Amino acid sequence: MDDSVSDLPYAPQTLCTKRRRVNGTLPRSRYSSPDELAASCSDHETPVYHRRTSSGNPNRTSAETQHRSYAHSPPDDSPDELDHTIRTFYRGGMKRNLQLSASRHATPDAPSEISLLTPIQAPASPTTTVPPGTPLPPPVKEARYLPYQQKMVLNGHRKGVAAVRFSPKGDKIASCSADATIRIWETSTGYHIHTLEGHLAGVSTLAWSPDNRVLASGSDDKSIRLWDTVAGKQYPRQLLGHNNYIYSIAFSPKGNMIVSGSYDEAVFLWDVRTARYMRSLPAHSDPVGGVDFIRDGTLIVSCAGDGLIRIWDTATGQCLRTLVHEDNAPVSSVRFAPNGRFVLAWTLDSCVRLWNYHDGRCVKTYQGHQNTKYSLSGAFGVYGDVDGVVPLGEKKAFTVSGSETGEILWWDVVSKEVLQRERAHEGCVLGVDTWVREGRALAVSCGLDKTVRVWERIPEPKNEVFEDEMIEDDGIPGQNGLNGEEMDTGMDKD
């Protein structure tokens with residue numbers, strides 16, 4: 001799996017089929033959780049996603065919208081847990097990621113497995129001497145965030161766009177919409193390659209196979225379809241088994257399995273080769289909004305409107321851990337961190353939370369966007385020394401998300417600082433994805449305005465400074481233009 005970050009939904013008015021409001025309550029689910037660590041459903045209210053179809057069915061009405069108070073969220077203290085170099089955040093050093101069982105749980109006095117940024121220093125040798133005249137290594141530059149700028153706007157969908165995804169190689173972008181179509185675009189030029197048609201209702205979710213060839217799509221027609229993105233054709237066999245809208249899907253790292261979450265409150269695990277489901281997990285008591293595989297495929301994460309995030313063993317289907325915040329806000333989307341040690345979750349209280357699922361703690365909460373009605377999704381990324389974008393610099397991680405105000409926000413993972421706030425779409429930004437490789441850092445976004453927008457981070461200009469020549473800037477000796485200017489991060493933009 002690549003070291004870069006590779007790998008929902010909506011509603012109002014005439015637009016899409018995936019985004020849903022939180023209204024009313026549901027009767028008790030016919031499913032029950034096998035997890036002895038899960039919070040009892042009777043301990044808290046269980047809001048449910050009610051959503052309108054793209055046709056705006058007038059019969060799909062709901063009771064008065066519930067209003068929740070999130071003013072007293074507990075602080076998310078994270079002592080040096082994320083104070084490390086990003087090398088381990090994206091590559092990880094754990095031999096196994098969780099491997100919990102009923103008889104084995106993490107002990108509180110165990111050594112911290114998350115020292116994400118502590119550089120490893122070799123012990124100094126008293127006998128080691130540096131020969132005179134040996135040139136010193138170049139200094140390591142502090143990571144400097146370079147803002148993303150809009151590169152192009154892709155038009156073609158007739159209704160709101162629910163999700164966008166870069167292909168694993170980054171050469172293609174896939175987008176799906178409430179108009180029941182999927183479009184494939186060329187990343188570098190924005191050229192429209194294929195329009196994939198076959199679904200009978202709006203398409204809410206997409207996932208690329210690791211080989212860059214197959215695209216899976218989930219729809220309100222209750223089916224998952226597989227597409228050959230080279231030929232632009234659908235594979236004959238559909239994945240059928242859910243009895244309600246499909247909200248989220250993900251490929252396993254080997255590409256042999258697909259996990260899906262649905263309005264029917266279940267998580268299905270599918271065999272891609274046979275197009276049959278291997279296991280059905282009675283996962284939640286509300287519609288499942290998000291699912292994802294960990295980087296080695298051994299774990300699955302799911303989330304739902306019941307406010308629960310659950311970690312599952314892929315091989316056995318056992319629920320290993322249940323995460324729940326005391327505010328119990330509905331969780332609309334979830335994904336594993338690239339190193340597999342954390343889970344990032346979007347909740348309908350305008351928060352994005354980073355969870356250490358090993359000990360069940362929320363370690364970071366990112367705020368500044370608005371998210372109370374729609375199911376948004378985002379991604380991780382890196383800045384600093386990213387494949388030559390900033391030479392001789394360190395790496396830091398960011399997370400990015402859309403907002404119901406039409407903005408995209410980038411946060412530093414460790415400090416929670418808003419690195420960039422950019423006005424992106426007219427209306428809600430439903431999905432954001434990132435891709436970093438080969439000296440390029442790209443992002444793509446989609447929203448209710450029916451557009452797909454591609455963003456690119458512009459590399460910093462390289463200024464050569466020679467030892468025997470001091471560059472003067474505005475008459476100040478020894479200060480060059482690179483160090484004498486402050487970079488506009490876009491934080492003050494609307």
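Glycine 290 stands opposite cysteine 303 in strand E18, a handy place to start looking around. The model you see is a predicted one, where local features need pLDDT of at least 70, side-chain atom pairs count only at pLDDT 80 or more, and totals for chains, interfaces and linings use all residues. Residues are numbered from 1 along each chain as its sequence is written, and side-chain values use heavy atoms, leaving out hydrogens and water.

**The four-stranded sheet**

- Strands, labelled E, are DSSP runs of at least two residues, and helices are H or I runs of at least four, both numbered from the N terminus.
- An open sheet is built from 4 strands in the order E17-E18-E19-E20, with antiparallel pairing; two strands pair if DSSP finds at least two bridges between them.
- At the edges sit strand E17 (288-293) and strand E20 (319-324), each pairing on one side only.
- From one strand to the next, the twist averages 15°, with axes taken as lines fitted to C-alpha atoms (for helices, over the stretch in contact) and angles running from 0 to 180 degrees between N-to-C directions.
- E17 and strand E18 (residues 299-304) run antiparallel and are joined by 5 bridges.

**Threonine 314**

- Look for threonine 314 in the loop between strand E19 (308-313) and E20.
- Threonine 314 has a relative accessible area of 9%, so it is buried; buried means under 20%, exposed over 50%, and partly exposed in between, using a 1.4 Å probe and protein chains only.
- A polar atom of the threonine 314 side chain lies 3.0 Å from the backbone oxygen of glycine 297.
- Leaving aside neighbours within four places in sequence, threonine 314 is in contact (heavy atoms within 4.5 Å) with residues including Met257, Arg279, Phe293 and Ile300.

**Nonpolar cores**

- A nonpolar core is a set of buried Ala, Val, Leu, Ile, Met, Phe, Trp, Tyr and Cys residues joined through side-chain atoms within 4.5 Å.
- The largest one has 19 residues, and Leu344, Leu354 and Tyr366 have the most contacts inside it.
- Strands E22 (343-347), E23 (351-356), E24 (361-366) and E27 (407-412) each supply at least two residues of this core.
- Another core, of 17 residues, lies apart from it, and includes Tyr145, Ile408, Val436 and Ala441.

**Proline 147**

- Proline 147 is found in the loop between helix H1 (86-91) and strand E3 (148-154).
- Its relative accessibility is 15%, so proline 147 counts as buried.
- Proline 147 and glutamate 422 are 275 residues apart along the chain, with their C-alpha atoms separated by 9.3 Å.

Technical notes. A polar contact is a pair of N or O atoms within 3.5 Å; within protein, one must be able to donate a hydrogen and the other to accept it, and residues adjacent in sequence count only if both atoms are side-chain atoms.
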